[in-house]
Amino acid sequence: MKRRWLCVVLALLLLLSLTACGASGGSSASTGDAAAPAENGTAMDTATSESTADFSAVRENAKLILSADLTLETQDYDATCAALEQLTAEAGGYIESSGNAGEKGSRTANYTLRVPQEKFETFFAQIGDTCHVVSANRWSEDVTEQYTDIETRLATLQTKHERLLALLDQAAKMEDIISLENALADCEYEIDSLTGEKRHYDDLVGFSTFTVSLREVQTLTAVSEGTGFGAQLAQAAKNGLGGLTVTVRGLILMLVTLWPVLVLLGIAGYVFWRVQSHRKKKVQQSEQNKKE
C-alpha cells in the first residue's frame, strides 16, 4: 500500500516537472519571437535613416535649375504690380526684365523675376496669395553632370597651365618660348570660357526664374477646383455668368460711346414720323373732301 502511494506521488511530481518545463519553453519561445520584430524594427529604422541621409546628400549636391511660369489676373493693376515687385525685393531677388502694354482697364505686364533658390517655394506660394492665378507651371532641370564636367575640365586646365608656366621659366630657346606662350594663351582662353560657363550655371542654379504674365481684367476668370463633371459644370456656369456680365457691360459702354449717333438717329426718326403723319393727314383730308 505504501509502495502504491509512493508511485502515485512520484508520478505526480514527474507530471508537474514536465508541465513546468513546457511552460518555460513556451515563455522562451515567446521572448524570442518578440525580440525578432524588435531587431527587425531597429534594422528598418536604420535602413530608413540611411536612405533619408543618402537622398538628402544627393539632393544637396545636385545642381538644379528651378523655373516657374505663371499667368495672373488682377482688378487692381497698379497695386498688384507694386506687390509683385515688393515680394521680389523681400525675397532677396531682382527683376531681370519687365514690360507694360495696353490702355487702362486692359493693361498687361510681363516680368522675368529672379529669386534665390531657397526661397522658391515660399515665393511661389506668396504669388498665389497675392494675385488671382489662372495657370501655374513649375519644373526643374538637373545640370549636375554638365557642371561636374566643367569643374573637371577646369581642374585639368589649371594643372596644365601651371606646368606650362614651369616649362616657360626653364625654356632657353626662342622657339620654345614662343611655342609655350601660344600654348599658354590657348589654355587661358579655354579657362576663361569654362569659367564664364560655370558662372552662368551658378547664376541659374542660385537664382530661380519666374516668368510672370499679368492681365488687368474687369471680371476674374473662374478656375476649376477639380477635374470631375460637377467641377467642370460649376466652372462653365461661372464662365457663362462672367461672359454675360462682360457682354452687358460692353453694350452699355458701346451705347455711351455712340450717344451722338443715337441722338441724331432719334431726331431723324422723329422728323420722319412727323412728315409721315402730316402726309397721312393730308391724304385723309383729301379723301374726305372728295366724298363731300
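**Helix packing and buried faces, in questions and answers**

Trainee: Is the crossing of α4 and α5 left-handed or right-handed?
Mentor: A crossing is left-handed if the near helix is turned anticlockwise from the far one by less than a right angle, and right-handed if clockwise. For α4 and α5 the crossing is left-handed.

Trainee: Happy to start there! What should I know about the model and its numbering?
Mentor: This is a predicted model, where local features need pLDDT of at least 70, side-chain atom pairs count only at pLDDT 80 or more, and totals for chains, interfaces and linings use all residues. Residues are numbered from 1 along each chain as its sequence is written, and side-chain values use heavy atoms, leaving out hydrogens and water.

Trainee: How many helices and strands does the protein have?
Mentor: Helices (H or I, at least four residues) and strands (E, at least two) are DSSP runs, numbered from the N terminus. Along the sequence they follow the pattern α-β-α-β-β-α-β-α-α-β-α-α. That gives 7 helices and 5 strands.

Trainee: Back to that helix pair: how are α4 and α5 oriented relative to each other?
Mentor: The axes (lines fitted to C-alpha atoms, for helices over the stretch in contact, with angles from 0 to 180 degrees between N-to-C directions) of α4, residues 144-170, and α5, residues 174-206, come within 9 Å and cross at roughly 155°. Angles over 145 degrees count as roughly antiparallel, under 35 as roughly parallel, 65 to 115 as roughly perpendicular and the rest as oblique. So α4 and α5 are roughly antiparallel.

Trainee: How far apart are the end C-alpha atoms of α2?
Mentor: The expected span of a helix is 1.5 Å times one less than its number of residues. For the 14 residues of α2, residues 77-90, that should be 20 Å, and the end C-alpha atoms agree, being apart by 20 Å.

Trainee: Within what arc do the buried residues of α2 fall?
Mentor: Buried means under 20% relative accessible area, exposed over 50%, and partly exposed in between (1.4 Å probe, protein chains only). In α2 the buried residues are Y77, T80, C81, L84, L87 and T88. They line one face of the helix, because the directions from the axis to their C-beta atoms fall within an arc of 130°.

Trainee: Which residues are exposed on the other side of α2?
Mentor: The buried side is covered by elements including β1 (64-74), β2 (94-101), β3 (108-116), α3 (120-130) and β5 (207-216), where contact means heavy atoms within 4.5 Å. On the other side, the exposed residues are A89 and E90.

Trainee: What arc do the buried residues of α3 cover?
Mentor: In α3, F120, F123, F124 and I127 are buried, and what covers them includes β1, α2, β3, β4 and β5. They sit on the same side of α3, as their arc around the axis is only 100°.

Trainee: Is V143 buried or exposed?
Mentor: V143 lies in the loop between β4 (132-142) and α4. Not counting residues up to four places away in sequence, V143 touches K63, I65, Y201 and V205. At a relative accessible area of 1%, V143 is buried.

Trainee: And what is the relative accessible area of T112?
Mentor: T112 lies in strand β3. Leaving aside neighbours within four places in sequence, T112 is in contact with Y94, I95, E96, S97, T209 and F210. T112 is buried, with a relative accessible area of 17%.
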